[in-house]
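Colleague: I am new to this structure and would like a close look at a single part of it. Please take me from the chain as a whole to that part.

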Amino acid sequence: MSGGEVAGILVAVFWAILVSFLAVALARLAQTLRATTRLVADVTDQAVPLLADASAAVRSAQTQIDRVDAIATDVQEVTSNASALSTTVASTFGGPLVKVAAFGYGVRRALAGRKDDVSAGDSRRTVIVGRTVSRREKRKPRGKRD
């Protein structure tokens with residue numbers, strides 16, 4: 001055998017090994033592609049119902065938001081009506097009630113003044129910023145306290 005024949009045999013053996021490695025790699029690539037195709041098909045089969053459910057949930061949420069918006073509008077209207085009613089009641093009954101209370105206070109003061117026939121002037125006192133002063137005393141300026 002010559003050197004060229006030995007080199008040819010070696011090249012043929014390496015070529016056969018290379019082709020077998022490429023065949024194994026292509027077989028594994030084909031298996032991976034089949035598994036990927038199955039996975040995509042399964043995801044598609046499961047995603048379509050999930051998207052339909054999500055769409056239904058969004059529609060339901062929108063309906064609920066519309067209802068809450070209507071309720072909030074009604075509550076705002078009721079609040080403004082209650083405020084107007086409160087203002088009306090206060091203006092209608094507030095003034096007369098203050099007058100009745102003032103009249104009652106005046107009557108009580110008048111009756112209390114009649115009962116106290118002892119020196120009424122001494123019992124009347126006025127509170128000025130934390131101290132009691134009888135009405136007979138003159139107020140001293142703030143800077144000239146004793």
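What percentage of the 146 residues of the chain count as buried? And which residues make the nonpolar surface patch, the part I would like to see closely?

Modeller: This is a predicted model, and of the 146 residues in its chain, 1% count as buried. The chain exposes about 13000 Å², with 65% of that supplied by carbon and sulfur atoms. Its secondary structure consists of two helices and two strands, which follow the pattern α-α-β-β when read along the sequence.

Confidence comes next. The mean pLDDT of the chain is 83, and 79% of the residues reach 70 or more. Helix H1 has the highest confidence, at a mean of 91, while helix H2, residues 120–123, has the lowest, at 51. Where pLDDT is low, predicted coordinates should not be read in detail.

Now to the patch. Met1, Val6, Ile9, Leu10, Val13, Phe14, Ile17 and Phe21 together make a nonpolar surface patch of about 840 Å². Ile9 lies in helix H1, which covers residues 3–115, and H1 is the element where confidence is highest. The relative accessible area of Ile9 is 44%, so this residue counts as partly exposed.

Methods: Residues numbered from 1 in each chain as written. Predicted model: local features only at pLDDT ≥ 70, side-chain atom pairs only at ≥ 80, totals over all residues. Heavy atoms only, no water. Patch = residues over 30% accessible without salt bridge, like charges linked within 9 Å, V, L, I, M, F, W, Y side chains within 5 Å. Areas by Shrake-Rupley, 256 points an atom, 1.4 Å probe, with all protein chains shown as cover. Salt bridge = Lys/Arg side-chain N within 4 Å of Asp/Glu carboxyl O. Helix = DSSP H or I, 4+ residues; strand = E, 2+ residues; numbered from the N terminus. Buried < 20%, exposed > 50% of the residue type's maximum accessible area, 1.4 Å probe, protein only. pLDDT = per-residue confidence, 0-100.
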